[in-house]
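Please have the sequence and the model open side by side. The text below starts at the ligand and then moves to some backbone features.

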Amino acid sequence: MPAPLAGYRYLRAAGPRPAAAASQRVLLTVETKTGKKQTYTLAQLRALPAMRYTTFHPQLRQRFTYEGVPLRDLATAGGFVGRDLQVYAENGYVTTIAARDYQKEAVMLAYAANGKEIPVLQKGPLTVVMPPDEKRFPAQKYDYAWVWFVDRITPAK
Ligand SMILES: Nc1nc2c(c(=O)[nH]1)N[C@H]1C(S)=C(S)[C@@H](COP(=O)(O)O)O[C@H]1N2
Ligand SMILES: [Mo]
């Protein structure tokens, strides 16, 4: 199990990466600067270390119990943990999430909300969520980091 992230325990450790079934769509591509690409179906994301917490989604104005993979562990799998991340969304939005924010804190790429896959109307299937810590992650200051429709992550330039 990776080192714990501020205040959180893991729900599951990493499991063996399942082969991608033909019926399963690639939801995420993680791309290193050297051009190495890792693709993830939902089942493959679920095989990474998982965590779960309840937090208030500022744009949806609703609390959800999210389950997903910490950005730290995705970056570790990509070989670039400690670098700032560029997070891309299907709608063309892109932002940077700083290493100082994701390396020790439980910022996660969520793939389930309230026990179900996240529908598009709730900003799924993949959406970045922040821990419920208004002091560390004030909603107003970190609104840019709640990236929905995520489809690609790379180390920042
Ligand atoms: N996929 C996606 N995520 C996004 C955005 C976006 O345009 N697309 N906008 C970001 C920004 S800049 C903010 S302030 C918040 C809220 O965006 P909104 O005010 O446009 O709803 O969502 C963030 N996440
Ligand atoms: Mo914004």
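By class, the shell around ligand 1 consists of seven nonpolar, two polar and one charged residues. Here Ala, Val, Leu, Ile, Met, Phe, Trp, Tyr, Cys and Pro are nonpolar, Asp, Glu, Lys and Arg are charged, and the others, Gly among them, are polar. The residues surrounding ligand 1 are Gln59, Ala89, Asn91, Tyr93, Asp143, Tyr144, Trp146, Val147, Trp148 and Phe149; a residue is near a molecule if its C-beta atom, placed from the backbone, lies within 6 Å of it.

The model is predicted: local features need pLDDT of at least 70, side-chain atom pairs count only at pLDDT 80 or more, and totals for chains, interfaces and linings use all residues. Residues are numbered from 1 along each chain as its sequence is written, while chains are lettered from A and ligands numbered from 1 in the order in which they are written.

Phe149, one of the residues around ligand 1, has a positive phi of about 55° although it is not a glycine. Phe149 sits in the loop between β9 and β10 (150-155); strands (E, at least two residues) are DSSP runs, numbered from the N terminus. Phe149 counts as partly exposed because it has 16 C-beta neighbours inside 10 Å. The cut-offs are 20 or more other C-beta atoms within 10 Å of a residue's own for buried, 12 or fewer for exposed, and in between for partly exposed, with C-beta atoms placed from the backbone.

The loop between β8 (116-117) and β9 (127-129) contains Pro125, which is joined to Gly124 by a cis peptide bond with omega of about 10°. Lys123 is also found in the loop between β8 and β9. Its phi is near 75°, a positive value in a residue other than glycine. Lys123 counts as buried because it has 23 C-beta neighbours inside 10 Å.

Terms used: Helix = DSSP H or I, 4+ residues; strand = E, 2+ residues; numbered from the N terminus.
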